[in-house]
Amino acid sequence: MENSLELTTTIALNAWNIHIDRVNKIFDELSDDELAKEVSPGRNTGIYLLGHMAAVHDAMLPLLGLGDASYPQLVPIFIRTPDKSGVEKPPVNELRKCWKDANGKLAERFNSMKPEQWLERHTSISEEDFKKEPHRNRLSVLLSRTNHLASHMGQLLFLKN
């Protein structure tokens, strides 16, 4: 029988993987033209959300201490700048590749982690602060990014005809 930490990390990873699979399905079903639409009037386009989530997931690698980001060029476009800023965006097919690649790397690293590694600090918190706030760990990042993913998945559903 699994101990509570193993069970907790299994539950968290299962939730992450379920949401990744669901969003992958949505992106696979949506054409580039459908992704170019706003999720609702005046809101982000599907292309922006694709780039945004690819950038956030790619940035999880260094944040969790699991490697370097492969697509740091996406951060200024999709994290620091709003959709309607006029900044040129990469082609959709390139963003689709970045999305799948970033998530593939995360899955590979996540599958090799032991449950206790999820309770280690992430790289944006100092060792001193982590001693005071041990809940600011890798697992908390995974949970917050799963919620982030779920939120944007809900937006993407509005693009399906």
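Tutor: Keep in mind that this is a predicted model. Start with the nonpolar core.

The largest such core holds 41 residues. Trp99 and Phe110 have the most contacts inside it. Helix 1, helix 3 (46-63), helix 4 (74-78), helix 5 and helix 7 (138-156) each give two or more residues to this core. Helix 3 gives the most, with ten residues. In soluble globular proteins, nonpolar side chains tend to be buried together.

Now take Phe110. Leaving out residues up to four places away in sequence, Phe110 touches Leu13, Trp16, Met60, Leu64, Leu66, Trp118 and Leu142.

Next, the pairing of helix 1 and helix 5. Helix 1 covers residues 4-29 and helix 5 covers residues 92-112. Their axes lie 12 Å apart, and the packing angle is about 160°. An angle over 145 degrees counts as roughly antiparallel, so helix 1 and helix 5 are roughly antiparallel to each other. Their crossing is left-handed. From helix 1, the contact uses Leu13, Trp16, Ile20, Val23, Asn24, Phe27 and Asp28. Helix 5 answers with Arg96, Trp99, Lys100, Asn103, Leu106 and Phe110. By class, this contact has eight nonpolar, two polar and three charged residues.

Helix 1 also carries Thr9. Its relative accessible area is 4%, so Thr9 is buried. Apart from neighbours within four places in sequence, Thr9 is in contact with Pro115 and Trp118. Trp118 is also among the residues that Phe110 touches.

Turn to helix 3 and helix 7. Their axes come within 11 Å and cross at roughly 170°. Helix 3 and helix 7 are therefore roughly antiparallel to each other. On the helix 3 side are Gly46, Leu49, His52, Met53, Val56, His57, Met60 and Leu63. Helix 7 meets them with Val141, Arg145, His148, Leu149, His152, Gln155 and Leu156. The classes here are eight nonpolar, six polar and one charged. Met60 belongs to this contact, and Met60 is also touched by Phe110 of helix 5.

Asp83 sits in the loop between helix 4 and helix 5. Buried means under 20% relative accessible area. Asp83 has 8% relative accessibility, so Asp83 counts as buried. Setting aside residues up to four places away in sequence, Asp83 touches Arg43, Asn44, Thr45, Tyr48 and Lys89.

Notes:
Residues numbered from 1 in each chain as written. Predicted model: local features only at pLDDT ≥ 70, side-chain atom pairs only at ≥ 80, totals over all residues. Heavy atoms only, no water. Axes fitted to C-alpha atoms, helices over the stretch in contact; angles between N-to-C directions. Helix = DSSP H or I, 4+ residues; strand = E, 2+ residues; numbered from the N terminus. Parallel < 35°, antiparallel > 145°, perpendicular 65-115°, else oblique. Left-handed = near helix turned anticlockwise from the far one by under 90°. Contact = heavy atoms within 4.5 Å. Nonpolar A, V, L, I, M, F, W, Y, C, P; charged D, E, K, R; others polar. Core = buried A, V, L, I, M, F, W, Y, C linked by side-chain atoms within 4.5 Å. Buried < 20%, exposed > 50% of the residue type's maximum accessible area, 1.4 Å probe, protein only.
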